[in-house]
Amino acid sequence: MTTQPERPQPLAGVRVLDVSQVMAGPYACMLLGDMGADVIKIEPPKGGDQTRGAMGFKMKGSDSMGFLNMNRNKRSVTLNLKSEAGRALLFKLVESADILVENYRPGVMKRLGISYEDCQKINPRLVYVSISGFGQTGPWANRPGFDLMAQAMSGVMSVTGYPGGPPVKAGVPVADIGCALFATYAMLAAHIGSKATGQGQYIDASLFDSAMAFSIWDMSEYWGTGRPPEPLGTANRMSAPYQAMACADGHFVMGATNQKLWHQLCLTLGRRELLDDERFATVSLRLQHRLALVAELERSFKQQTSDYWVETLLAAGIPAGPILSYPEAFEGEHGRVRQMRMEIGHPVEGTVPNIGFAVKLSGTPQQVRRHPPLLGEHTDEVLAELGIGAAERATLEQQGAFAHEL
């Protein structure tokens with residue numbers, strides 16, 4: 001058999017400047033790095049990315065586990081962007097860059113003199129991405145952007161939790177991760193376009209807009225009925241039964257989302273009388289009488305354990321599953337087969353666990369080419385690529401390019 005040459009990763013040769021911190025920007029840039037892009041992380045000299053010192057526990061080194069899970073496949077360069085010398089170095093990097101991602105508060109990059117317009121003069125094909133809490137325009141534009149505020153102000157929290165309960169946010173940072181994903185698809189589309197036209201463009205991505213984009217079912221109900229959607233716990237607006245159910249040893253989840261599955265569920269439970277109950281005759285009626293429906297079903301479910309019902313319902317062709325903790329999901333057989341935990345070698349930590357790749361490419365699979373970088377680990381390496389030798393580096397250092405903020 002002839003061994004075929006390994007295909008290059010799809011973003012090999014693409015250079016990304018990651019001028020962002022914390023989550024949405026760094027996560028988006030890591031996704032690009034996983035696909036082969038050369039991601040250069042530009043960090044302030046004092047402390048670097050704020051996430052390096054986050055979380056309430058310590059590792060062997062100074063970087064948090066959160067930072068280590070959002071910054072693999074990057075090179076770290078420390079630059080003081082408040083100094084003229086630091087900005088000049090950033091512009092030299094812009095000359096060869098394809099994408100720049102920043103998440104400073106709106107107006108900061110313009111005041112520093114490194115806005116999209118400033119960078120476009122140097123590199124017209126640059127795709128420039130600004131990530132913020134509420135976008136670059138609008139009355140809330142200058143507010144600080146955090147996932148919690150975006151969830152609250154976008155409407156997400158209004159439909160999370162149980163009716164009549166206190167405010168509850170989604171357990172995972174849906175605004176941050178959602179914004180990272182939306183920004184990633186936009187910047188890749190813009191990059192493809194720039195290759196054809198030679199013209200880049202500006203991308204305005206916000207946590208607020210991204211969180212609102214998840215409201216498809218909720219806003220469809222509101223626009224269709226005029227009633228503001230309310231929290232439903234684990235239930236669903238479009239079908240019933242489709243939620244967590246109480247059983248003999250806790251809860252499990254199940255869904256009989258159409259008439260065929262509803263009929264099969266009643267037969268499986270030995271509850272033929274439910275098929276004749278007018279309250280439950282159609283999906284629409286089951287939604288109207290959801291509480292009564294759940295009460296009837298849980299009378300049966302409480303007679304057996306979660307494992308019993310998951311196995312029984314699946315055997316009958318009815319979707320069902322256990323409610324797992326994160327450790328159970330990651331360490332269980334399916335999570336292991338899907339490779340959702342991987343180990344990355346690290347110069348300080350030895351090895352660090354990372355969340356695995358969420359999608360699998362057959363021809364050009366994602367790769368871990370670089371460990372999450374130490375602060376400024378690649379400054380000299382990148383300067384050498386720019387043709388900057390020791391003498392010029394020393395001059396730049398005297399001019400404050402790598403110093404703490406002035």
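A: The answer starts with the sheet, moves to the helices around it, and then turns to the rest of the chain.

This is a predicted model: local features need pLDDT of at least 70, side-chain atom pairs count only at pLDDT 80 or more, and totals for chains, interfaces and linings use all residues. Residues are numbered from 1 along each chain as its sequence is written, and side-chain values use heavy atoms, with hydrogens and water left out.

The sheet comes first. It is open and has six strands, in the order E3-E2-E1-E4-E5-E6. Its pairing is parallel. Strands here are DSSP runs of E with at least two residues, helices are runs of H or I with at least four, and both are numbered from the N terminus. Two strands pair if DSSP finds at least two bridges between them. Neighbouring strands are turned by 20° against each other on average, with direction ignored.

What joins E5 to E6? Strand E5 (residues 127–132) runs parallel to E6, and five bridges link the two. Within that pair, Ser-130 has Asp-204 of E6 as its bridge partner.

Now the helices. Helix H1 (residues 24–34) packs on the sheet. H1 touches strand E1 (15–19), strand E2 (38–43), E3, strand E4 (99–102) and E5. Contact means heavy atoms within 4.5 Å. The direction of H1 makes about 160° with that of E1. Axes are lines fitted to C-alpha atoms, for helices over the stretch in contact, and angles run from 0 to 180 degrees between N-to-C directions. Helix H3 (residues 84–95) lies across E1, E2 and E4. H3 runs at about 150° to E1.

The loop between E1 and H1 holds Val-22. Phi of Val-22 is near 70°, a positive value in a residue other than glycine. Most residues other than glycine have a negative phi, and most peptide bonds are trans.

H1 has a helix partner as well. Two packed helices are described by the angle between their axes and the distance between the axes. H1 packs against helix H7 (residues 174–197) at an angle of about 50°, and their axes are 8 Å apart. H1 and H7 are therefore oblique to each other. Angles under 35 degrees count as roughly parallel, over 145 as roughly antiparallel, 65 to 115 as roughly perpendicular and the rest as oblique. The crossing of H1 past H7 is right-handed. A crossing is left-handed if the near helix is turned anticlockwise from the far one by less than a right angle, and right-handed if clockwise. From H1, the contact draws on Ala-24, Tyr-27, Ala-28, Leu-31 and Leu-32. The H7 side includes Asp-176, Ile-177, Cys-179, Ala-180 and Met-187. By class, this contact has eleven nonpolar, one polar and one charged residues. Ala, Val, Leu, Ile, Met, Phe, Trp, Tyr, Cys and Pro count as nonpolar, Asp, Glu, Lys and Arg as charged, and the others, Gly among them, as polar.

H7 also meets helix H6 (residues 147–154). Their axes come within 7 Å and cross at roughly 95°. H6 and H7 are therefore roughly perpendicular to each other. Asp-147, Ala-150 and Gln-151 of H6 touch Val-174, Ala-175 and Asp-176 of H7. These residues divide into three nonpolar, one polar and two charged.

Next, the wider setting. The domain assignment gives domain 1 (15–214 + 358–399) and domain 2 (242–323). Such bounds come from an automatic or database domain assignment. The C-alpha centres of the two domains lie 45 Å apart. Pro-241 is in the loop between helix H9 (216–225) and strand E7 (242–247). The peptide bond from Ala-240 to Pro-241 is cis, with omega near 0°.

A second open sheet has three strands, in the order E7-E8-E9, with antiparallel pairing. The twist averages 30° from one strand to the next. Strand E8 (residues 250–255) pairs with E9 over three bridges, and Phe-252 stands opposite Pro-322 in E9.

Helix H10 (residues 259–269) and helix H12 (residues 290–301) cross at roughly 40°, their axes coming within 10 Å. H10 and H12 are therefore oblique to each other. The crossing is left-handed. Trp-262, Leu-265 and Leu-269 of H10 meet Leu-293, Leu-297, Ser-300 and Phe-301 of H12. That contact has six nonpolar, one polar and no charged residues.
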